[in-house]
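Subject: Handover of a two-chain structure

Dear colleague,

Please find below the structure that I am handing over to you. My notes on what was found in it follow directly after.

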Amino acid sequence: MHKLSFFSILFFLLANLTLNAQETQAAFTINAANKTVVFSEIGKLKIVGTDANEMRISGAGPRKRNSRAEGLKLISVSGLQDNTGWGLSVTEDGNTITVEQVGKKNNEYTIELPHSAVLQYTQSTTDGSHFRIESFSGEVDVTMMYHKVYLFDVAGPVAVNCVYGDIIAEYTARPPSGDLRLHATYADVDLTLPAATAANLSLSTSYGDMYTDFDLNVDRGTMNEGGKLNATINGGGKLVSLQSTYDDIFIRKK
Amino acid sequence: MNTNFTETDLIDYLSGELEDSKIVALEKAVQNDESLHQRLEEYRGIYGWLNSQDKLISSYSEDEFLRSAAHHLQNSSAESKSPRLRILRYSAIAASILLVFSLGWWLGGSSVLTNTQDFASQWEELLEGERSSHRIAATRLIASQPNVDEALISRLGILLREDPSPNVRLAALEALATLGQYHYARQELIMSLEPNGPAAVQIQLIEILIELEETKILPRLHDWSQDLSLPQYLRDAAELGRFKLDKI
């Protein structure tokens, strides 16, 4: 019995001293209406559109934090400081807000972003994980090196490039209202659109295949050996440009 | 006949701007109401025709536009109404579409502009835009012109090499590749082949120069494939490019 109590107390102490203690945290907010918000090198990020004017940063799960850092501010070698309480640096310069990760702990963030904002995202390292955007009506400009990009009901205009990760976009409620440009180098591009979507398609792959269940009205005058196909669906409309240089393209009906 | 949906609703639906709550109701109503279905198809035909035009709506005078729309619809419709009534109706619909779209057409991402008087100022304004979507639109606008001069090609080259957004650079690259028949465009592409810049752009640029069979880049690709100071992805792309060009 005494031995059991001793181990129970020891476990309790270790749990409190663990280097990655997890805790809850109040959300950080800043007015981002009609501004350009630049996200750079952030671990695991999910953006969700909001009608509010404020950008709201919170965690998708409990935040990883070193319990020894209680009362201290996280800093980085590049001089960034955690001014959000979430391991992120948020700075504002004119009409641009820049959000950067401070430190190396890959926390998982959910950020609510006003529909009137312009979203720019860059991830160039193997750190972190996939990037996800949901139900956002603003402009999107994403550059990703290694991870996947998921877009769900992102009205656009949207431009995404990704070297090694798939780009998966799905429109359930309505088609994109702006031009949609998805470019993957060594990975798939997979797009799902409502069946009634009217669009001008520009599909291109040099070494992959293309698949669809839409009825394409192919512009035969632009067909070439470079793996590029121009076509319309449902009479034509916004530009949908899909390119996967070395892999496959999928365009599906919802 | 279903009277709950206005012409504006149908146009908004086709352009993807109808409220979510109305989309489901409209689609259900279309399935059950043949007259509504026919109205929607009429609008879809006009909308598709508008999008297939080589000229932006704003470059037409209203009279020209209506005459053109009426001509198209007279030839394309299979309805049994009198031709005069049909043309009048379609012209009215086309006019309403014109009014709805004329203001937001360009910034909404429309495709082409060829009015020569407005062209220079419009692409200049787009190129200087803060938003990457505007600069991307400028690249499409330039590439769509029947004749492109050296100065415009040079601007595309600058975008390809210097724009802060890799997606704009990719759009400029695509535009220059489309203009590959121009000597200057090829020069800009070759000049842009440098061992720095966004990965997706560098790899795609090598691919395009291979498609254009630009064997002049072979020595550079050879050097890059051997240069251990360069990132692995670039050495791999250079090695692959060298292999492909060697076979030409």
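**A residue in the last helix listed for chain B**

B:Glu239 is partly exposed, because 15 other C-beta atoms lie within 10 Å of its own; a residue is called buried if 20 or more other C-beta atoms lie within 10 Å, exposed if 12 or fewer, and partly exposed in between, with C-beta atoms placed from the backbone. The model is a predicted one, in which local features need pLDDT of at least 70 and side-chain atom pairs count only at pLDDT 80 or more, while totals for chains, interfaces and linings use all residues. Residues are numbered from 1 along each chain as its sequence is written, and chains are lettered from A and ligands numbered from 1 in the order in which they are written.

B:Glu239 belongs to helix α13 of chain B. Helices (H or I, at least four residues) and strands (E, at least two) are DSSP runs, numbered from the N terminus. The C-alpha atom of B:Glu239 is separated by 35 Å from that of B:Leu127, and the two residues are 112 residues apart along the chain.

Helix α13(B) covers residues 232-246, which is 15 residues. From its first C-alpha to its last it reaches 21 Å, close to the 21 Å expected at 1.5 Å a residue; the expected span is 1.5 Å times one less than the number of residues.

Which residues of α13(B) are buried? They are B:Ala237, B:Ala238, B:Gly241 and B:Arg242. These residues cover an arc of only 135 degrees around the axis, which puts them on the same side of α13(B); the arc is that of the directions from the helix axis to the C-beta atoms. As a general point, an α-helix has 3.6 residues a turn, so residues three or four places apart point the same way. B:Gln232, B:Phe243 and B:Asp246 are exposed on the other side of α13(B). The buried residues of α13(B) pack against α11 (199-211) and α12 (218-226) of chain B; two residues are in contact if their C-beta atoms, placed from the backbone, lie within 7 Å.

**The two chains**

Chain B has 13 helices and zero strands, and buried residues make up 37% of its 248 residues. In chain A there are one helix and 23 strands, and 44% of its 254 residues count as buried. Among contacts with a separation of 6 or more, residues 24 or more positions apart account for 61% in chain B and for 58% in chain A.

**Where the chains meet**

How many residues does each chain bring to the contact? Chain B gives 30 residues and chain A gives 30 residues. On the side of chain B that touches chain A, α2 (20-32), α3 (34-52), α7 (132-143), α9 (166-178) and α11 each supply at least two residues. By class, that side has eleven nonpolar, 13 polar and six charged residues. Here Ala, Val, Leu, Ile, Met, Phe, Trp, Tyr, Cys and Pro count as nonpolar, Asp, Glu, Lys and Arg as charged, and the others, Gly among them, as polar.

**The strands of chain A**

Eleven strands of chain A form an open sheet with mixed pairing, in the order β7-β8-β3-β10-β12-β14-β16-β22-β18-β21-β20; two strands pair if DSSP finds at least two bridges between them. β7 (88-93) and β20 (217-218) of chain A stand at the edges with a single partner strand each, so one side of each is left without a neighbour in the sheet. β7(A) pairs with β8(A) (residues 96-101) in the antiparallel sense over six bridges, and A:Asp93 stands opposite A:Thr96 in β8(A). Helix α9(B) packs on the sheet and touches β12 (140-144), β14 (158-162) and β16 (180-184) of chain A.

Strand β17 (residues 189-193) of chain A has four of its five residues buried, so it is largely enclosed by the rest of the structure. β17(A) pairs in the parallel sense with β15(A) (residues 167-170) over four bridges, where A:Ala169 stands opposite A:Leu191. Five bridges join β17(A) to β23(A) (residues 249-253), also in parallel, and A:Val189 stands opposite A:Ile249.

**Backbone details in chain A**

The peptide bond from A:Gly156 to A:Pro157 is cis, with omega near 15 degrees, and A:Pro157 lies in the loop between β13 (149-154) and β14 of chain A. A:Asn34 is not a glycine, yet its phi is positive, at about 60 degrees.

A colleague

Technical notes:
Axes are lines fitted to C-alpha atoms, for helices over the stretch in contact, and angles run from 0 to 180 degrees between N-to-C directions.
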